[in-house]
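Open the structure in your viewer and keep the sequence beside it. The tour below tells you what to select at each stop.

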Amino acid sequence: MAKKDRATEASSEKGREQWMARFQVRLAMQPGVDRAVVLQAVKEVTTHCAETGVHPRTAFGEPDTHAVQAAARLVPEDRAARATRSNAVVDALDSVRKKAGDIVGL
């Protein structure tokens with residue numbers, strides 16, 4: 001393999017790893033996503049890319065967008081809704097805690 005080919009391959013591999021890392025992080029941030037969902041989505045992407053030889057960005061687009069789409073497809077609606085409500089409650093409690101801390105700090 002020529003030096004230029006190795007450099008291109010290494011660059012492509014680094015880009016693939018970066019895409020996958022961002023995809024996993026963004027996917028994990030979606031409501032209702034657990035480890036099993038992340039593993040299933042990663043397996044789907046890696047299998048498709050291995051079979052086709054296509055870079056994930058070419059096959060699936062931007063990692064953030066694909067993470068949202070994968071979560072919508074793989075997480076049951078009721079679980080996602082529960083997680084969203086739970087996150088809203090936690091955010092509200094954090095806000096109250098912060099305001100109480102600000103008042104005490106006067």
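The stops go from the whole chain to a helix pair, then to the core and the salt bridges.

**Whole chain**

Begin with everything shown as a cartoon, and keep in mind that this is a predicted model. Colour by secondary structure: the protein has five helices and zero strands. Read from the N terminus, the elements run α-α-α-α-α. Now colour by accessibility. Of the 106 residues in the protein, 22% are buried. If you display contacts between residues at least 6 apart in sequence, 69% of them join residues at least 24 apart.

**Helices H2 and H4**

Select residues 35-52, which form helix H2, and residues 63-74, which form helix H4. Their axes come within 11 Å of each other and cross at roughly 120°. The crossing is right-handed.

Which residues of H2 meet H4? Show the side chains of Val-37, Gln-40, Ala-41, Glu-44 and Val-45 on the H2 side. Facing them in H4 are His-66, Ala-70, Arg-73 and Leu-74. Sorted by class, this contact has five nonpolar, two polar and two charged residues.

**The nonpolar core**

Next, select Phe-23, Leu-27, Val-33, Ala-41 and Val-45. They belong to the largest nonpolar core, which has 16 residues, and they touch the most other members. H1, H2 and H4 each supply at least two residues of this core. H2 gives the most, with six residues.

Ala-41 and Val-45 were also picked out at the previous stop, where H2 meets H4.

Now centre the view on Phe-23. What is Phe-23 in contact with, leaving aside its neighbours within four places in sequence? The list is Ala-41, Val-42, Val-45, Pro-63, His-66, Ala-67 and Ala-70. Of these, Ala-41, Val-45, His-66 and Ala-70 were named among the residues at the meeting of H2 and H4.

**Salt bridges**

Turn to the charged side chains. The structure holds five salt bridges, and the next selections show some of them.

Start in helix H1, residues 3-28, where Glu-13 and Arg-16 lie three residues apart, about one turn of the helix. Their side chains meet in a salt bridge, at 3.5 Å from N to O. Are the two partners buried, partly exposed or exposed? Glu-13 has a relative accessible area of 34%, so it counts as partly exposed. Arg-16 is also partly exposed, at 24%.

Select Asp-64 and Arg-26 next. They form a salt bridge whose closest N and O atoms are 3.3 Å apart. This pair links distant parts of the chain: Asp-64 is in helix H4 and Arg-26 in helix H1, 38 residues apart. Asp-64 is partly exposed, with a relative accessible area of 27%, and Arg-26 is partly exposed at 28%.

For the last stop, select Arg-57 and Glu-62. Their side chains meet in a salt bridge at 2.8 Å, N to O. Arg-57 has a relative accessible area of 38% and is therefore partly exposed. Glu-62, at 45%, is partly exposed too.

Notes. Residues are numbered from 1 along each chain as its sequence is written. This is a predicted model: local features need pLDDT of at least 70, side-chain atom pairs count only at pLDDT 80 or more; totals for chains, interfaces and linings use all residues. Side-chain values use heavy atoms; hydrogens and water are left out. Axes are lines fitted to C-alpha atoms, for helices over the stretch in contact, and angles run from 0 to 180 degrees between N-to-C directions. Helices (H or I, at least four residues) and strands (E, at least two) are DSSP runs, numbered from the N terminus. A crossing is left-handed if the near helix is turned anticlockwise from the far one by less than a right angle, and right-handed if clockwise. Contact means heavy atoms within 4.5 Å. Ala, Val, Leu, Ile, Met, Phe, Trp, Tyr, Cys and Pro count as nonpolar, Asp, Glu, Lys and Arg as charged, and the others, Gly among them, as polar. A salt bridge is a side-chain nitrogen of Lys or Arg within 4 Å of a carboxyl oxygen of Asp or Glu. Buried means under 20% relative accessible area, exposed over 50%, partly exposed in between (1.4 Å probe, protein chains only). A nonpolar core is a set of buried Ala, Val, Leu, Ile, Met, Phe, Trp, Tyr and Cys residues joined through side-chain atoms within 4.5 Å.
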